[in-house]
Amino acid sequence: MGRLIIVSNRVPSPRERLQPAGGLTVGLKDALRGGSSLWFGWSGNQSEFAGDPVTGMDEVDGVTYATIDLTARQHEGFYQNFSNGILWPLFHYRVGLMSYSRRDWQTYLEVNAMFARSLRALLQPDDVIWVHDYHLFPLGQALRDLGVAGRIGFFLHIPVPPWSLVRSMPGARLLLEDMQAYDLIGVQTEEDADNLNHAFRQNGLAERARAFPIGIDPHEFREQAEAGVRRDEAERLRASLRGTALILGVDRLDYSKGLPERFRGYEAFMARYPEHRGRVSFLQVAPVSRGDVEEYRQLRRQLDELTGRINGAYAEFDWTPIRYLTRPVARDILAGFYRMADVALITPLRDGMNLVAKEYVAAQDAADPGVLVLSHFAGAAPEMDEAVLVNPYDADEIADALHQALTMGLEERQRRWTRLDEDVRRTTAGCWARDFLQALDAAAPVGAPLAGT
Ligand code: GDG
């Protein structure tokens, strides 16, 4: 097998390169370690002369990281407007938040073609290419147009809604046609695979989607959590809780994560279960992301208001119901917080997978595990049916689930957690990458010339 070429919109920054963190980096660690490989994508920088040439090259542990810059215009049209303002809401079932413009669509195609040209110059004939996520749907076809004939796979990290919804985006059919250039398309769940294959069928195209649910590195995360609870910050959190039970939420500040609905669920919990007032603390860590997009600014204002209202209504002079942080928390400290939490409250309205749910399970102490409250609409839900599953749109259901979780006996907590933990340990990030790459290797090639022609 040739080199493995990973392509994603963002390439891990130099610090992350030394210290793998996110799901993608962790999942690819083993695959990348196997031999010489290349990770290609946007540097995160904007520069005026951006164009085809690679502007950044770095090598760490046998992996070459090659990056290109975007101009301010490309950044706006390709990244902010089209990827995050159209594709992200649409694929999270929020057509109403989608703001389409033909100019952004053109910039999206232009940047994908630029990615293809820059990458083409770095390729060798037997390279295996693995493209990631919605920013780069058309990249496979753009590479085929430049004569790349080897294996090209694609993995989509976000959900796939039914074709009846996807088709509200002008150009949706063209995207599907471009995706035929991939030998294999991986998505998170069976439902996503069914929806995408149905969309292909409706358009007379070949079905290429299969489910490959992404995982974490549970062993590494457990170690981080065990070390995390011994840190200063964990000690400070414990002291500040003064014996109250800890409910934890961890999400990028994104409208797909159902944060206002979650806060209203907690408000209903305060109203309907007064016996828990003063006995629980809800800590929501929600680092700001895409802060320059209007929908995200609005969400932030909404959460500021809700937090103020709930704390105003229920706080005592010596107790605060909600602690809400929009700053990121360092990963090893966060892992400690997961281990300390009695309940994880994870209620996305839609989520490709949701790795926080898996991290929470991996972080628990087997002798006294916490309870996972999880939305039906997380990609993780079908695998994690021993969680307390909720409909995030129903504040009363969230309230009931919190009460159930906080009063659950040790035996039931252990029984549920053991099953969840088995699953998290079976479907790791390493397995995910290995399974996908094996299936890509075995898939009928699109790029090779047809036999007999
Ligand atoms: C996309 C899909 C899919 C969060 N806050 C902090 C922090 N985090 C870490 C978590 C977790 C990661 O970020 C978030 O992963 P998720 O999977 O929950 O969500 P997305 O970022 O939306 O990821 C998603 C994923 O891709 C993989 O395919 O599961 O559905 O949307 O690892 O722990 N990390 C640190 N500080 C924080 O404050 N250090």
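Predicted model: local features only at pLDDT ≥ 70, side-chain atom pairs only at ≥ 80, totals over all residues.

Reader: Into which domains is the chain divided?

Author: Domain bounds come from an automatic or database domain assignment. Here domain 1 comprises 4-215 + 430-442, and domain 2 comprises 218-426. Their C-alpha centres lie 30 Å apart. Contact (C-beta atoms, placed from the backbone, within 7 Å) links 16 residues of domain 1 with 15 residues of domain 2. On the domain 1 side, helix 3 (residues 72-91) gives the most, with 3 residues; helices (H or I, at least four residues) and strands (E, at least two) are DSSP runs, numbered from the N terminus.

Reader: How many residues surround the ligand, and which are the closest?

Author: A residue is near a molecule if its C-beta atom, placed from the backbone, lies within 6 Å of it. By that criterion 22 residues surround the ligand, the closest being Pro328, Arg331, Gly352, Met353 and Leu355. Helix 13 (331-340) and helix 14 (355-363) each give two or more residues to this shell, and the largest share, 3 residues, comes from helix 14. Each of the two domains supplies at least three residues of the shell.

Reader: Which residues of helix 12 are buried, and which are exposed?

Author: A residue is buried if 20 or more other C-beta atoms lie within 10 Å of its own, exposed if 12 or fewer, and partly exposed in between, with C-beta atoms placed from the backbone. In helix 12, Leu299, Leu303 and Ile310 are buried. Seen down the axis, the buried residues of helix 12 fall within an arc of 40 degrees (taken from the directions from the helix axis to the C-beta atoms), so they line one face of the helix. On the other side, the exposed residues include Glu294, Arg301 and Asp304. The cover over the buried residues includes helix 11 (259-272) and strand 11 (322-325).

Reader: Where is alanine 315 found?

Author: Alanine 315 lies in the loop between helix 12 and strand 11. Alanine 315 is partly exposed because 14 other C-beta atoms lie within 10 Å.

Definitions and conventions: Residues numbered from 1 in each chain as written. Contact = placed C-beta atoms within 7 Å.
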